[in-house]
Every structure is written in structure tokens, then in C-alpha cells.
Amino acid sequence: MNFDLTEDQREIKRTAREFLASRYTMEKIRAIALDGQPDPHWDEIAELGWPDIAEYGILELAVVAEEMGYALAPSPLAAHWAAKLLHPGLEGRGTVAMWDEDGSADPETPTMKALTGVKIAVPNADVADTLVVTAEGGRHFAVKASDADVQPARAMDATRPLFTVRFDGADGEELTGDHFGRAWHAIAVMAAAESVGVAARVTGMAVDYAKERKQFGRAIGSYQAVSHACAQMFLETEGARSVTYWAAWALDHEPEQAFMAANIAKAYASDAAVNVCRSALQVHGGIGFTWEHDLHLFLKRAEANAHAFGDARWHREQVAAALLGDPREPTASAAPVA
Amino acid sequence: MDLTLSPAEEEFRDQLRSWIGDNHPGREPDSDDESFAFRRDWQRKLNDRGWAGLTWPERYGGAGATQIEQAIFFEEIARARAPQMANVLGLTMGGPTLIAHGTDDQKERFLGPILSADEIWCQGFSEPESGSDLASLKTRAVLKGDEYIVTGQKVWTTFAHQSKWCMLLARTDQDAPKHRGLTYFLLDMEQDGVEVRPLVQITGEAEFNELFLEEARIPADNVIGGVDNGWRVAITTLMHERAGLAFALQARVQIALGELADELRGSDDPVIRQRFAQLAIEAQVLRLLAYRGLTTAMKSGEPGPEGSLGKWLWADINQDLTTLAMDARGPAAQLVDDTWTYRFLRARANSIEGGTTEILKNIVAERVLGLPRG
């Protein structure tokens with residue numbers, strides 16, 4: 001029993017923290033996300049071996065994903081990871097097209113016929129060679145990006161460009177295997193880990209500001225209305241980190257726990273990152289509401305990430321279904337409430 | 001990172017599981033007195049097996065178990081929905097404090113009867129005017145010959161009416177700064193100078209008491225950890241309470257969650273389902289924070305801030321859980337239900353007892369985040 005990273009995992013974390021901090025300064029992030037400069041660091045990231053890090057373990061993947069969130073890296077790495085988990089034979093760069101236009105928030109019941117229709121909110125499709133596309137009946141296809149019509153959409157989170165992708169009878173290779181369940185859980189954990197990173201960074205920003213900023217002659221962090229808000233951020237960040245590492249570990253070592261753990265991690269971390277960013281903005285006061293301040297970039301990532309790969313509500317319903325039964329299939333033993 | 005158990009730990013878990021299976025005393029009676037006797041019997045059974053003082057050293061009647069085995073113990077108790085032991089304050093606070101600060105004679109005299117539940121312990125810390133600001137307490141202890149004469153008033157004294165010994169914090173130096181003039185005593189409850197009055201709480205029960213001390217006597221031998229050193233000794237007690245409690249609390253939440261799931265199973269109300277799932281998720285957060293706390297404690301030798309986080313989160317969860325149970329009952333929630341009405345009301349104290357949520361947030365803000373004191 002040891003709820004701590006190994007020395008190797010800590011080394012990966014340290015390396016990622018340093019690398020990302022040196023490459024993705026806030027100035028550079030703004031240039032890429034807001035001024036449309038290309039992200040120049042993919043080759044270096046590939047050299048570090050990060051695109052294939054899930055081969056070491058989902059915990060290793062989570063550790064790097066957390067640092068990507070912490071750094072707010074405007075990199076297509078997360079989209080690529082998701083594609084690679086679903087399509088282990090993927091060559092080149094990938095992304096995942098999973099949300100149907102006018103579809104529901106349930107990622108498990110895509111309605112698009114193979115392969116004609118429109119997918120929205122496809123991340124980083126502009127730099128992807130291959131799109132992993134979900135279709136009716138829970139089927140998965142690999143489609144060449146050049147065989148689809150990829151149009152930029154207006155993403156709230158500019159650090160992760162989104163695209164609308166139209167398929168008009170596109171050719172696709174149907175993906176097969178028994179890995180999809182685990183892959184989707186690993187993707188949920190990856191997204192949760194990113195949210196943990198955002199929450200950790202923003203908690204630090206709020207605490208630092210609460211120590212510096214003086215009003216009525218005192219640091220605002222000495223007022224309980226502010227210090228207790230910061231304590232709440234810390235609780236949710238550490239809580240999110242705990243369930244996320246647990247879920248990642250379960251995917252590697254205790255597959256029978258992994259389903260529940262992954263749903264729990266994505267639900268809790270999604271909410272935690274959004275709650276932390278909202279609260280941090282309040283702690284910052286007016287300055288936090290300005291374009292010039294970096295906080296809004298984190299808020300937008302947290303909010304967008306909360307809806308990517310299944311939102312908290314959907315993941316909570318998976319937990320409820322496991323513990324209370326599926327309401328669509330009432331059981332004879334269902335106990336009346338009260 | 002490794003959340004699996006070692007072969008030895010698995011063996012301990014299996015032994016424990018089968019023992020609890022054979023010895024489970026059944027459903028706890030609802031009435032306070034019957035429930036106390038029921039828990040006392042349960043504790044004696046566990047103690048006969050050597051498990052009442054699981055982590056205490058073997059020479060004091062414990063099993064010398066590791067903190068992980070302690071965690072396993074609480075999880076198995078929760079899994080089997082088995083009761084708590086009767087002498088909970090003696091086991092989680094009194095004993096560990098004596099083991100850390102007591103003299104050999106004190107350990108010899110007091111530890112055995114804590115384990116056997118022959119002597120129940122209570123805690124006399126809070127006073128009517130000293131709640132969160134505990135160190136401002138006013139109960140005075142004056143040395144006269146070889147005994148202290150104690151006068152003052154304590155409140156929220158759980159189990160006082162069943163107790164033989166009270167862990168009493170009293171002021172021995174009126175002139176010292178407030179944290180420095182306190183001494184930690186063991187007060188014999190069976191004497192004329194001690195009056196216990198039940199304090200009826202919002203549930204209608206009297207689980208707590210007021211304690212009136214009028215020239216009560218304490219032999220000087222019953223000072224724990226040195227005269228005027230009581231604050232430090234009390235902090236040890238509170239740290240033990242929070243660290244040891246984190247697992248017990250999360251285990252109790254798992255039990256309550258299982259009971260609530262039994263009632264809600266098959267519900268198609270999406271709001272109830274969402275709220276239930278959120279509680280199951282937070283209960284898992286609580287459990288994992290406790291495990292992380294264990295790792296911190298094992299590496300650094302001290303409980304980490306997770307102790308404060310755990311108590312705080314537990315209070316939030318238990319209050320929300322019991323509120324959800326009421327909401328799920330619909331109009332019937334207006335009527336008394338022996339289980340959930342009581343629990344809904346009782347849970348209101350969770351964010352006050354054993355350190356208010358506000359104080360716990362202060363601890364996190366000041367000691368973990370380094371924010372300035374207000």
C-alpha cells in the first residue's frame with residue numbers, strides 16, 4: 001500500500017513540468033492560441049516519447065496529462081492520445097470525432113450512419129492525419145482527414161482549436177477489438193488528469209494573489225471569506241488528484257475497479273477544475289475578469305474539458321447505474337423509496 | 001504507487017472477514033442504553049481476539065498492527081455493517097495519548113481497562129465560553145497537598161454518564177499566556193465534586209452532557225505529560241482523533257451509503273440519481289484522501305493535512321447524504337422515521353463536533369497554503 005508516485009513517475013512529472021514551462025510561456029500560449037501562430041513543439045514532444053506514453057501505463061499518461069493541463073499547453077497531444085487509445089495501430093497524428101450534430105451528451109450512443117453525417121467539436125482536426133470516428137451501433141472507424149470536410153469552429157477554449165467535420169459517404173477502416181471499453185475509460189482519466197493540472201495551477205495562482213493583494217490594509221487572504229475559498233480549492237484539487245491517480249492505477253492493475261474509478265475521476269475532476277477557476281476569478285476580483293489576465297484562459301480550458309469525453313452529469317449517471325441499477329431496465333427487486 | 005495489499009495484509013483481511021462473519025452481533029438496538037451495552041459486548045469480543053487496541057503495542061494489550069491493518073479493520077467493519085466499539089474515546093484518544101505521554105505506572109493502570117471497556121472514557125475539553133477557541137478555557141485546577149482541586153464547567157461531554165475517567169484540560173497557571181498554563185488530567189468521574197447533567201440535543205436524545213466540577217479532586221499522579229504542558233498533550237489527542245478517525249469516518253459513510261442505495265435502488269428520478277452518485281463519488285474521494293494521508297503519515301511519521309480535509313469532507317458528505325435520504329422520502333419526510341429522521345438531525349452536529357468546519361478550513365488555509373492569519 002503506497003499512495004504515491006514512484007521515483008520514475010516523479011521524474012517524468014519533473015521533466016514534463018520543466019519542459020512545458022520553458023516551451024509554453026504564457027506569452028507563447030497567447031501567440032499560438034489567440035494570434036494563430038502554429039505550435040512549434042510537436043517534434044520535441046514526439047522525441048520525448050510522449051505520444052506513446054500510454055504504453056508505459058495509464059498512470060504515466062495521467063502524470064503527463066496533468067502537466068499539460070498545468071502548463072495550459074496548446075498542443076494537439078491529448079486529441080492524439082485519445083485517437084491512439086482507440087486505434088492502437090494509428091500511424092501519424094490522430095484525433096477523435098465523437099459528437100454528433102444535434103446529438104445527446106451520451107458518448108456511448110453515436111447516431112451517425114457509417115459514414116455520412118456531421119461531427120462537431122473535433123479537437124485539433126487541422127493537424128490530424130487520421131480521424132477516429134464513432135458511428136451508430138457503437139462502431140469505430142479510422143478515416144483519413146483528407147477524406148472529410150474539416151472546417152474550423154469557434155472554440156471557447158482557444159488553446160484547443162475545434163472543428164466541424166462533414167462526412168459524405170467517406171471510406172473508413174472499421175476498427176475492431178475488445179479494447180474499446182478500456183480505451184474510453186483511459187481517455188476519461190486522461191481528461192480528468194488535465195483538469196487536475198488546471199485546478200492545481202489555478203489554486204496556486206489564487207493563493208499567491210490572496211497573499212499579495214492588500215485591501216483595507218491587509219492581505220485579502222487573511223479574510224476568511226477568501227481563505228476558506230482557497231481551502232475549498234485545495235480540497236477539490238487534492239480530491240480530484242486522488243481519484244484520478246486511483247483510476248489510472250486501476251486501469252493498469254485492477255481492471256474490475258477501472259469502470260467505476262474512471263467515471264468517478266472524470267465526474268469529480270471536471271467539476272473541481274471549473275469550481276476552482278470560478279472561485280479563483282472571484283478571489284482575483286476585477287483584474288481576473290480582464291482579457292489581459294491569464295485566468296480566463298484556464299477557466300475556458302476547465303469548462304471545455306468538463307464537456308469533452310463525457311460531462312460530469314453523464315459520468316455520474318454511470319455511477320448511479322452501477323449502484324442503483326439502470327432505470328431503463330427496472331428490476332423486480334427494485335425497492336420502493338421511503 | 002501501489003494500492004494492493006501485501007500477502008500478510010491479505011491474510012489479515014481474510015481472517016478478520018471470516019471472524020466478523022462468525023461473530024457479527026446483528027442489528028444495533030435503537031435505544032441509547034441498550035445500544036451502549038450492545039457496543040460494550042462487541043468491544044469485549046474484539047478485545048478477546050486482541051483487536052480492540054489493534055495498533056497499540058502488544059505489551060499494553062494491543063496487537064501491534066500497522067496503520068494499514070487499522071485501515072483494513074475499518075473497511076471490513078464497514079463492509080460487514082458491524083457496530084462501533086463502546087469505548088471509542090478511550091480507544092482513539094485516551095489510549096494513544098497515554099502511550100505517547102503517560103508514565104509507566106499510568107500505562108500499567110489505565111490501558112487494560114480501556115481495552116476491556118471496564119472503564120469508559122470521556123473528554124472534558126470544551127466549555128460554554130471556549131469552543132473553537134479552546135485554549136481560552138477557564139476551568140481551574142489548584143494544587144493543595146498532593147491533589148488538585150478543580151472547579152469549572154465542561155460541555156459536550158459524550159458518554160459522561162457512562163464514564164469512569166475524563167480527559168480533562170484545566171488551567172493550572174492563571175498568569176501564563178493562554179496556551180501555556182494548561183494541564184492535562186485524568187479525572188475520576190465517580191466523586192461528589194462531579195455532577196453530570198444530560199444535555200438534550202435537537203434529536204431529543206441526550207448523547208452529550210454538561211459537566212459541573214465543584215472542588216473535584218484529582219491526585220497529582222493523574223497529570224498526563226507534565227504540569228502546564230496540557231496544550232501540547234491535547235494537540236496529540238486531537239491529531240490522533242482526526243488521523244485515526246479519517247478511516248473510521250469514511251467506513252461509516254460507506255455503510256450509510258449502502259443503506260441509502262438499498263432504499264433508492266431502481267429509482268428513475270434523475271435528480272435523486274445524480275445526487276446519490278455525487279455522494280458515492282465524494283465518499284470515494286474521502287476514502288482515497290485517507291489512504292493518501294496514511295502514506296504521508298508512514299513516510300513522515302506525522303499525520304498530514306489530509307486529517308483536517310477528511311473530517312471536513314466527511315461532515316459535508318454525511319449532511320448531504322442524510323438530507324438526500326429525507327428528500328427521497330417525499331411527503332413522508334414530515335413523519336418521523338427511526339433511522340433517517342434521527343440521522344438527518346444528528347448530522348447537523350458533524351460540522352461542529354471535533355473541530356468546526358471553519359476551524360478546519362483555517363488549518364488548511366494557514367498551515368497548508370501559508371495564508372496569513374486573520
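**Chain A and its sheets**

Chain A has 338 residues, for which a compact globule would have a radius of gyration near 20 Å; the chain has 20 Å, which agrees. The model discussed here is predicted. Along the principal axes, the C-alpha trace of chain A spans about 65 × 60 × 40 Å. Its secondary structure consists of 10 helices and 10 strands. Of the 338 residues in chain A, 53% are buried. When contacts between residues at least 6 apart in sequence are considered, 71% of those in chain A join residues at least 24 apart.

We turn now to the sheet that contains β1(A). This is an open sheet of four strands in the order β1-β4-β5-β8 of chain A, and its pairing is mixed. Its edge strands are β1 (94-97) and β8 (173-175) of chain A, each of which pairs on one side only. From one strand to the next, the twist averages 30°. The pairing of β1(A) with strand β4 (residues 130-135) of chain A is parallel and extends over four bridges. Within this pair, A:Ala97 stands opposite A:Val133 of β4(A).

Helix α5 (residues 77-86) of chain A packs on this sheet, where it touches β1, β4, β5 (139-144) and β8 of chain A. The direction of α5(A) makes about 80° with that of β1(A). How much of this helix is buried? For α5(A), 10 of the 10 residues are buried, so the helix is largely enclosed by the rest of the structure. The buried residues of α5(A) include A:His80, A:Trp81 and A:Lys84, together with A:Leu77, A:Leu85 and A:Leu86. A:Ala78, A:Ala79, A:Ala82 and A:Ala83 are also among the buried residues of the helix.

Strand β3 (residues 116-123) and strand β7 (residues 162-168) of chain A pair in the antiparallel sense over six bridges. In this pair, A:Thr116 has A:Asp168 of β7(A) as its bridge partner.

Helix α2 (residues 26-33) of chain A has A:Ile29, A:Ile32 and A:Ala33 buried. Seen down the axis of α2(A), its buried residues fall within an arc of 85°, so they line one face of the helix. Helix α9 (295-307) of chain A is included in what covers the buried residues of α2(A). In general, an α-helix has 3.6 residues a turn, so residues three or four places apart point the same way.

The contact between the chains takes 47 residues from chain A and 43 residues from chain B. On the side of chain A that touches chain B, α6 (180-212), α7 (224-253), α8 (255-284) and α10 (312-324) of chain A each supply at least two residues. The most comes from α7(A), which gives 15 residues to that side. By class, the side of chain A that touches chain B has 29 nonpolar, 12 polar and six charged residues.

Chain B itself has 10 helices and eight strands. With 374 residues, a compact globule would have a radius of gyration near 21 Å, and chain B has 21 Å, which agrees. The C-alpha atoms of chain B fill a box of roughly 70 × 50 × 45 Å along the principal axes. Of its 374 residues, 44% count as buried.

Notes: Residues are numbered from 1 along each chain as its sequence is written. Chains are lettered from A and ligands numbered from 1 in the order in which they are written. This is a predicted model: local features need pLDDT of at least 70, side-chain atom pairs count only at pLDDT 80 or more; totals for chains, interfaces and linings use all residues. The radius of gyration is taken over C-alpha atoms; the globule rule is 2.2 Å times the number of residues to the power 0.38. A residue is buried if 20 or more other C-beta atoms lie within 10 Å of its own, exposed if 12 or fewer, and partly exposed in between; C-beta atoms are placed from the backbone. The arc is that of the directions from the helix axis to the C-beta atoms. Two residues are in contact if their C-beta atoms, placed from the backbone, lie within 7 Å. Ala, Val, Leu, Ile, Met, Phe, Trp, Tyr, Cys and Pro count as nonpolar, Asp, Glu, Lys and Arg as charged, and the others, Gly among them, as polar. Two strands pair if DSSP finds at least two bridges between them. Axes are lines fitted to C-alpha atoms, for helices over the stretch in contact, and angles run from 0 to 180 degrees between N-to-C directions.
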